[in-house]
Amino acid sequence: MAEVSNENHFGNWSIPNLQKINVQELYTRQRQSLRSWFEFFNTSKFKTPLNIGTATRRLLANVEYFQTNYFIVIIILSIYCVITTPSLLFVLLAMGAGSYLVTIKNREKQLAFMGHQIPLPQQYAAVMALCIPLLIIVGAGSAIFWILGASVFVIALHAVFHQTPNQDAFGLQMQEMASSSDYIIEVRIDVLKALKIFGITATALTAVGLSAYYIHQRRQNSRRVILQDEVKHVLEPFELSDEQLRRVMANLNTQMTNGLKSNDSENNDLAMFPTFVNFRPNGQESGEYLVVDLGGSNFRVSHVTIEGRNRLRLKNKIFLIPHSLLLGEGEKLFDYIAECLQRFIDDNSLATHKPADYKFDLAFTFSFPCTQTSLSQATLVSWTKGFSCTGVVGNDVVLLLQNAIDRRQTLKVQVVALVNDTVGTLMACSSIYRDCRVGVILGTGTNACYFENLDNIPKCTGEWNQSTKQMVINTEWGALGKHGCLDFIRTKIDRELDESSLTPNEQVFEKMISALYLGEIVRLIIIDLVQSSILFPGRMQKAPSRACDYNIFLSLRGSFYAKHVADIECDTTEDLSVTASILTSIGIHDPTYDDCYIIREVCKTVSLRAAKLAAAVIAVVVNRVNMPSVTVGVDGTLFRHHVRFRKNLIRTMSRLVPRTHRLVLSEDGSSKGSALVAAVNRHTQETLTST
């Protein structure tokens with residue numbers, strides 16, 4: 001095997017000598033120093049260095065010994081980088097073509113500028129200078145860093161682990177010395193060499209890190225999709241300015257004031273129902289209560305034990321409501337609720353050891369529009385959320401439930417309060433935060449309640465505690481826009497969704513921000529983009545076997561959910577794989593990166609609009625409370641699970657609300673809060689009786 005050459009080829013490459021070396025001589029020298037590739041790649045010579053001293057000597061010796069081989073490796077890596085970057089290759093070819101043209105022109109006549117002849121090297125330099133901006137644009141910087149990093153890493157790795165003949169002998173000698181216990185080996189490492197290896201290692205790591213960063217940035221930039229004008233045109237109406245939000249706020253404030261004056265539903269958007277809840281928990285409440293929470297296709301029965309100082313223990317069970325009961329006779333619905341209530345009490349042995357005449361107090365959480373005349377009297381105004389039971393609208397729902405309970409003679413329960421879910425949220429948070437005056441639901445539907453001064457409620461009649469000066473008002477703000485006050489921000493998509501819904505021209509505001517409708521808004525936008533051949537262009541024609549799946553998605557109302565919107569909006573994967581997976585799961589196969597990118601932008605835009613509108617209406621209520629600091633209790637899937645929605649909501653509120661405020665998540669508000677309403681009512685009645 002060839003010996004390690006002691007001749008330092010680089011030592012003769014001084015600046016004066018370089019001027020004397022022609023290309024042929026340089027090529028000859030480097031060709032002579034080229035080592036056998038068999039020797040270069042001989043795996044038997046790759047061994048782990050015994051210590052840092054060995055590694056240092058190997059590195060310095062091999063860099064000199066294999067200098068030409070390493071130079072070829074750098075050239076190969078450079079060629080690979082250029083080939084895999086077409087834009088960079090194009091610019092380099094343009095640079096070469098420019099230099100070739102300069103050479104041809106100078107054969108005819110040397111270029112002159114203002115009477116001065118320009119040497120050929122300077123002309124080449126000018127061509128390269130003109131190409132520098134193009135090189136920067138196409139990512140030449142990242143390519144250079146990649147070449148440097150990869151070259152240093154590969155060369156250093158090879159040089160440290162490859163042994164040369166002299167190093168073999170040295171390594172054998174070290175092993176023999178190490179096997180003898182009579183010798184103590186002390187390896188002295190030259191300080192300068194140690195600094196060199198440290199510097200080379202640091203440079204290699206830095207170059208690799210920078211090259212990885214630049215390559216990542218370049219790939220990210222190459223993946224950015226420039227939204228077409230048609231997409232911008234569709235999404236632009238969903239982008240709301242602060243000026244538009246303040247106009248929404250002004251309209252809501254006007255509608256709230258009008259709703260507090262009278263029950264004129266012909267002219268007022270908001271019902272502004274008095275709830276006859278006057279007090280907040282003070283920590284002295286106690287006892288055990290049952291809660292029935294009815295607000296959707298299932299309902300929950302809870303047993304809440306309040307042990308004082310707002311320490312609560314909770315048991316609950318969810319019961320599914322058969323679809324036939326949602327559309328059948330109201331009496332059968334309430335009989336079914338009473339049956340499930342009896343089953344819950346028996347399964348948990350709640351009546352065990354109770355006196356024979358003992359009756360449970362029950363709070364009825366009823367999330368439908370009702371007109372109340374007292375805490376335990378409420379007339380249903382209209383069904384929503386898919387209910388249409390007969391014999392209920394216009395009747396007292398508390399009485400209907402109580403009658404169903406009384407028909408089961410073994411069921412000893414007294415309905416003492418009807419509570420809206422927003423009121424439950426408010427009371428649950430109010431027991432923890434003393435400045436909580438607002439409760440908000442941001443979920444399948446949306447609504448809010450707040451403490452209002454009785455002087456501002458001229459329409460309020462009925463039975464309530466005259467010693468208080470405030471009452472909780474259920475705004476039913478989902479109906480905002482019924483008479484056109486939101487038309488200036490409604491889009492053609494909003495109108496299309498409203499017209500195809502079960503309740504046209506009802507719950508206009510709710511249809512713009514609630515979880516029940518966000519996915520449908522996105523689906524309608526996607527349909528618009530598909531029909532314009534912006535999304536999935538030609539896909540159905542190219543894959544007729546999959547056209548059926550596309551048609552199902554495009555035609556099936558409600559096939560795109562709010563959870564899809566949340567997951568797609570939060571998709572930060574480099575290839576948008578989360579978005580692609582969701583689209584595939586709903587029947588859109590093989591979406592391109594551009595398709596996924598555009599749909600993510602649609603989800604972001606729709607979600608941001610919803611968050612801004614939610615912030616605007618919450619800001620109005622917070623300002624009406626008129627306290628230096630206000631806590632808002634919030635419940636619902638949008639606020640609880642949709643991370644981007646919550647962040648955008650909080651960010652927008654910080655611009656719209658001048659006073660100190662905070663949004664807190666309510667835990668089991670509909671159960672704990674409703675039980676607290678019943679407990680506060682009992683404590684208040686006992687106090688009045690004792691005085």
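## Close-ups of a predicted model

Figure 1. L576 sits in the loop that links α22 (562–569) to α23 (577–585). This is a predicted model, so keep in mind that what you see here was computed. Most residues other than glycine have a negative phi. L576 isn't a glycine, yet its phi is positive, at about 55 degrees. Is L576 buried or exposed? With a relative accessible area of 0%, L576 is buried.

**Figure 2. An aspartate with a positive phi.** Here we move to D590, in the loop between α23 and α24 (593–625). D590 is not a glycine either, but it has a positive phi of about 50 degrees. Its relative accessibility is 52%. That counts as exposed because the cut-off for exposed is over 50%.

Figure 3. The protein has 27 helices and 15 strands. It is built from 691 residues, and 47% of them count as buried. Now take the contacts between residues with a separation of 6 or more: 73% of them involve residues 24 or more positions apart.

Figure 4. Side chains of opposite charge can pair when their charged atoms come close. A search of the whole structure turns up 18 salt bridges, and one of them joins the side chains of E339 and R343, at 3.3 Å from N to O. Why are these two about one helical turn apart? Because they are four residues apart in helix α14 (residues 330–347). Both partners are partly exposed: E339 has a relative accessibility of 34%, and R343 comes in at 33%.

Figure 5. D435 and R662 form a salt bridge, and their closest N and O atoms are 3.6 Å apart. D435 lies in the loop between α16 (421–430) and β11 (436–442), while R662 is in strand β15 (residues 660–665), so this pair ties together parts that are 227 residues apart in sequence. D435 counts as buried, at 15% relative accessibility. R662 is partly exposed, with a relative accessible area of 40%.

**Figure 6. A lysine and an aspartate in helix α22.** Which residue does K563 form a salt bridge with? Its partner is D567, and the closest N and O atoms are 2.8 Å apart. Both residues lie in α22, four residues apart, which is about one turn of the helix. K563 is exposed, at 58% relative accessible area, and D567 is partly exposed, at 29%. Elsewhere, salt bridges that share partners join D487, R490, D498 and K511 into one network.

Figure 7. I75 belongs to helix α5 (residues 67–83). At 38% relative accessibility, I75 counts as partly exposed.

**Figure 8. A five-stranded sheet.** The strands of this open sheet come in the order β6-β5-β4-β7-β10, and their pairing is mixed. At the edges are β6 (312–320) and β10 (413–419), each pairing on one side only. Neighbouring strands of the sheet are turned by 25 degrees against each other on average, ignoring direction. Zoom in on β4 (residues 286–294) and β5 (residues 298–307): these two run antiparallel, with nine bridges joining them. L290 stands opposite H303 in β5.

Figure 9. Another helix, α15 (residues 397–407), lies across β7 and β10. It runs at about 160 degrees to β10.

Note on methods. Residues are numbered from 1 along each chain as its sequence is written. This is a predicted model: local features need pLDDT of at least 70, side-chain atom pairs count only at pLDDT 80 or more; totals for chains, interfaces and linings use all residues. Side-chain values use heavy atoms; hydrogens and water are left out. Buried means under 20% relative accessible area, exposed over 50%, partly exposed in between (1.4 Å probe, protein chains only). Contact means heavy atoms within 4.5 Å. A salt bridge is a side-chain nitrogen of Lys or Arg within 4 Å of a carboxyl oxygen of Asp or Glu. Two strands pair if DSSP finds at least two bridges between them. Axes are lines fitted to C-alpha atoms, for helices over the stretch in contact, and angles run from 0 to 180 degrees between N-to-C directions.
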